[in-house]
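Please examine the sequence and the structure shown here before reading the report.

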Amino acid sequence: MFDNIDIYFERILEGLPFTLWAAVGGIALTVALSFVAGIAMLSRSRPVRFVTRVYVEGFRGSSEVVQLFFFAVAVPIFFGVSLGATAEGLLLIGVIVLGLNHGAYGAEIVRGAIQSVSTTQLDGAIALNLSPLQRMWRVVLPQAVVEMLPSFNNLFIQLVKSTALLSFIATPEIFKKADELRAVPAFARELGLIYALELVFYLLFAIAVTVIMRVLERLAARRVGRPPVHRARRMTMGVSS
Amino acid sequence: MSKWRWDRFFEAFPYIWDGLQVTIQFTLLGSLVAYLLGLAFAVIRQLQIPVVDQLLWAFIELVRSTPLLVQIFVLYWIVRPDLLGGFTIETQRLIVGVTALGVHYACYTSEVFRAGIDAVPRGQWDAATALSLPRARAWTGVILPQAVPRVLPALGNYTIAMFKEVPLLSSIVILDMVYQVKTAYAADTGGAGPEAWFAAGLTFLALSYPCSILVRKLERRVGTV
């Protein structure tokens, strides 16, 4: 049964860089968009709030698979074909969609965390004559980040799982690579083993994300002089609030 | 740079309508499985039977941290031929699709139910013991009637999330919205352009957004756990 296991590993390792880049790139874009959109939703200007709302609800409300197809199809048609033709181009489209989609969920996390910082903290900052930018950067955000990190942990695991969707637009990531083996009759009988390997890989990614985020949580909590957050072992999907 | 064609946008809706019925069917059946199985998981974990508890915990963590797409393929390509040989291919796909969605989301909803059960005050258990109710009766007559209504809005969120994940089933030839756009529409009009995908996205949005507003209102009224 384990005769071909080298081949399976080899194939999955070929796809690994794509999955890793999709995850890392997606997370980077998610964080950037979450902060921009999350802070914009608290803006005093009505048009800014409206535009951000449209982005957030549009991406949260429609299906990720549809968004993926929309961008994979629309980008080549509207901006010339070059981008979608290569594996790297497909990866880039995937990263953009992963980032836009999860950034919409992340925006709500950032907004909620900023709003949860107590108003007395703001009063204190105003009393100290800090400018609005200083208030945000030195008082509100360091405290809000402590609140955000557990939710971002869940969101990032969600994102890592979503990298498997890139197989829909033929990005050669690990699931696509494993799935291609199905066409070979000799391997078809060992699909159980192949998919089991895949599941283990994704599980390891999720564990890695959690380990990194726990460290960040501890650092962020220490920075604002709090004991590390005690949290229930519980995941949410980032669907509510 | 090509032009956006509204006629192609409107042409997509008949195909989307065909797929929408399938999508909704899978969402509802999948939710039913997810709720019932999630409740069962939560109750079993509450009983804290030594080995069963750890196994179930490991299973839930594995399912939650691996992609639904991989799980669908595991069920479709590995489990199916052995277990469901007697059914037609359509029934097999229905069973595989509903099971994959149901089991995946049950692992999320079980945590919601668990929080709901934990939120029932200790005194309720004591009272049930004082009245010497049998354990099963305490669950069905005292604990669950208090735990379940409070978590219903939270479960609604998972139904909405599931609705948006049904397109994954298009990969095992379930004729949902995405499958319809990708095959039937593309075959009739020479390829599914951005217009058709935009129409499909809007359809998802038009259905899921009002539902999530409704769930948010309900949450505010019932009080979430």
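This is a predicted model: local features need pLDDT of at least 70, side-chain atom pairs count only at pLDDT 80 or more; totals for chains, interfaces and linings use all residues.

Residues are numbered from 1 along each chain as its sequence is written, chains are lettered from A in the order in which they are written, and side-chain values use heavy atoms, with hydrogens and water left out.

In the interface, 41 residues of chain A are in contact with 48 residues of chain B, where contact means heavy atoms within 4.5 Å. The area buried between chain A and chain B is about 4,000 Å², and carbon and sulfur atoms give 70% of this area. Buried area is the accessible area (1.4 Å probe) that two parts lose on being put together, summed over both.

Two residues of chain B other than glycine have a positive phi. They are listed below with their relative accessible areas; exposed means over 50%, buried under 20%, and partly exposed in between (1.4 Å probe, protein chains only).

| Residue | Phi | Relative accessible area |
|---|---|---|
| B:Ser132 | near 45 degrees | 59%, exposed |
| B:Val173 | near 55 degrees | 31%, partly exposed |

B:Ser132 is found in the loop between helix H6 (122-130) and helix H7 (135-165) of chain B, whereas B:Val173 is found in the loop between H7 and helix H8 (177-189) of chain B. Helices are DSSP runs (H or I, at least four residues), numbered from the N terminus.

Methods:
Helices (H or I, at least four residues) and strands (E, at least two) are DSSP runs, numbered from the N terminus.
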